[in-house]
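Q: I'd like a close look at the pockets in this one, please. Keep it to the open spaces and whatever sits in them, with the cut-offs spelled out.

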Amino acid sequence: MTGAILIDHPLIKHKLTLLRKKETPPAHFRIILKEISFLLAFEVTKGLELENIDIETPVSRTSAPQLSGRNMCIFSILRAGEGLAQGMLELIPSARVGHVGLYRDEDDLHAVEYYFKAPSDLADRFNLVVDPMLATGGSAITALNKIKKEGAKNITFLCLLAAPEGIKALNDAHPDVQIYTASIDERLNEKSYIVPGLGDAGDRIFGTV
Ligand code: PRP
Ligand code: URA
């Protein structure tokens, strides 16, 4: 699974432009991010398992598909992952949720882990790990190391913006994990921010600048 799958849609592109604009305030940023998460969910959940149940329509009895939603775990990489995870959870309310608390050390950029909580039966689940930003890849790699250590096998990673450097690093470290992204940006700058990017995703969501 090399590279990344680009989720390419005019609605997503339009909304991404709104997120990139520096004047978009946190309140709008959160609303637009949730709207994008609905659109991204459509693509990344294509492979979700269905089970048939017997139902009665006003006309006849039939067998109809429903999601085996308990088989999914949405992992949010804190803080910014919350912006995507909440939308996903609204669409798939029966999914379980895991949290990985990480931040990038400002000096050497390594990911510092401060929290982890997840369901115990990850091996049986489709684990969707979400974080808006894939920059150096350090945070995603650290999160996936931990999630795999806890037993997860079937894992997909979803972000909003990815730098080519982050895609390569994540592919090298976790070749079995499919990456989905709404944009592959140009590069990282000297501070390892994505260019053109949207700035610090956590700060944009929570207004902490
Ligand atoms: C951001 C983002 C990713 C990480 C990406 O989190 O949400 O987790 O940076 O960068 P990387 O690919 O170089 O590791 P940040 O460290 O700013 O923490 P926050 O969400 O708590 O603000
Ligand atoms: N983390 C962010 O939030 N933004 C970037 O551009 C890089 C890492």
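A: A pocket here is an open set of points on a 1 Å grid over the protein atoms alone, where a 1.4 Å probe fits and protein lies on both sides within 12 Å along at least five of seven lines; lining residues have an atom within 4 Å of a point. Grid points join across faces, edges and corners, and a volume is the space filled by probe spheres set on them. This is a predicted model, with local features needing pLDDT of at least 70 and side-chain atom pairs 80 or more, while totals for linings use all residues. Residues are numbered from 1 along each chain, ligands are numbered from 1 as written, and side-chain values use heavy atoms, without hydrogens or water.

The second largest pocket holds about 210 Å³ of space. Its lining has 12 residues, with G47, L48, E49, F126 and N154 nearest the centre.

The largest pocket has about 640 Å³. Of its 30 lining residues, Y103, R104, S139, D200 and A201 are closest to the centre. Elements giving two or more residues to that lining are β4 (72-78), β5, β8, α4 and α6 (201-206).

Ligand 1 sits in this largest pocket (more than half of its atoms lie within 2 Å of the grid points). It has 16 residues around it, the closest being R104, D131, T136, G137 and S139 (a heavy atom within 4 Å counts). β5 supplies the largest share of that shell, three residues. Oxygen atoms of ligand 1 lie 2.4 Å from a side-chain N or O of D131, 2.6 Å from one of T136 and 2.6 Å from a polar side-chain atom of S139.

Key. A polar contact is a pair of N or O atoms within 3.5 Å; within protein, one must be able to donate a hydrogen and the other to accept it, and residues adjacent in sequence count only if both atoms are side-chain atoms. Helices (H or I, at least four residues) and strands (E, at least two) are DSSP runs, numbered from the N terminus.
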